[in-house]
Amino acid sequence: MERKLTQEQSKVEVKGFEAKYYDLLMNVISFGTYPFFIRKAIKSIGLKEGESVLDFGAGTGRNDCLMLKYIGERGKITGLEIGEEMSEKFKKNCDYPNVELLNKRIDEPIGIENEYDTVFISFVLHGFIQERREKIIDNAYKALKENGKFAILDYNEFDPEKSFFIAKYAIKKIECPLAEDFVKRDWKAILKEKGFRSFKEFYFYKKYVRLLIAYK
Ligand SMILES: C[S@@+](CC[C@H](N)C(=O)[O-])C[C@H]1O[C@@H](n2cnc3c(N)ncnc32)[C@H](O)[C@@H]1O
């Protein structure tokens, strides 16, 4: 019988050593490819000058600094983040007048409606039980303006049993069990049920990572 997944099994709340060296760790475990990958992924979102971005689980602010290049001084970024150490890093790394960081949980009502052109969530959604993922999706939908984009950068859908051994090992042994559950779901069907109407997809790392853009 399959055991019920619980939020306590998640590794998504980054703290301690991992928080202190988060960006460096990403560079190391990706054999130095992360900086190139993340630049390409963020470029693929298609952000435009003057647009607003809400970043769910913003982390160290690395992604936000990259997004600033596209939205410019007239644009605006709001990061939502609960990790104390990650928030400290964010404030140091991404200190600009048009960037703000709010200490808000993304899996509870955030009280933001029809305000942002893009909601971005990078390597966060997989770390929640499905019930909370759905709350996060509802929050994103509400926060977006009409025609806004929900840009989800995370693992793609795949069957770990039939995958390349490194992907299988990473999902089954390094990541939490919630990630294995995440990769087995049909995300476009779930997002359609939540009201999103069309999609664009970009793939990275032999298609084990996907940027899925869902349009409101
Ligand atoms: C794996 S890290 C990804 C950080 C960043 N998005 C990136 O791609 O570099 C996950 C982040 O989500 C934050 N987080 C976890 N649960 C959260 C929650 N319920 N609300 C807001 N942030 C959360 C963590 O503190 C951490 O900074």
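A: Helices (H or I, at least four residues) and strands (E, at least two) are DSSP runs, numbered from the N terminus. The model is predicted: local features need pLDDT of at least 70, side-chain atom pairs count only at pLDDT 80 or more, and totals for chains, interfaces and linings use all residues. Residues are numbered from 1 along each chain as its sequence is written.

A residue is termed buried if 20 or more other C-beta atoms lie within 10 Å of its own, exposed if 12 or fewer, and partly exposed in between, with C-beta atoms placed from the backbone. Gly 32 is exposed, because it has 9 other C-beta atoms within 10 Å. From C-alpha to C-alpha, Gly 32 is 22 Å from Gly 16, although 16 residues separate the two in sequence.

Buried residues make up 37% of the 216 residues.

In contrast to the exposed Gly 32, helix α4 (residues 62-71) has buried residues, namely Arg 62, Asn 63, Asp 64, Met 67, Leu 68 and Ile 71. Just after α4, Gly 72 adopts a positive phi of about 65°.

A nonpolar core is a set of buried Ala, Val, Leu, Ile, Met, Phe, Trp, Tyr and Cys residues joined through C-beta atoms within 7 Å. The largest such core has 51 residues, and Phe 56 and Val 119 are among those with the most contacts inside it. Strand β5 (residues 144-155) gives the most to this core, with six residues. Two residues are in contact if their C-beta atoms, placed from the backbone, lie within 7 Å. Leaving aside residues up to four places away in sequence, Phe 56 touches several residues, including Leu 80, Ile 106, Ile 121 and Ala 140.

Strands pair if DSSP finds at least two bridges between them. By this rule β5 and β7 are antiparallel over seven bridges, with Ile 152 bridged to Leu 212 in β7. Strand β6 (residues 198-204) also pairs with β7 (residues 209-215) in the antiparallel sense, over seven bridges. Within β7, Val 209 is the bridge partner of Phe 204, and Ala 214 is that of Phe 199. Four residues lie between the strands of this hairpin, where Tyr 205 takes a positive phi near 45°. Five of the seven residues of β7 are buried, so the strand is largely enclosed by the rest of the structure.
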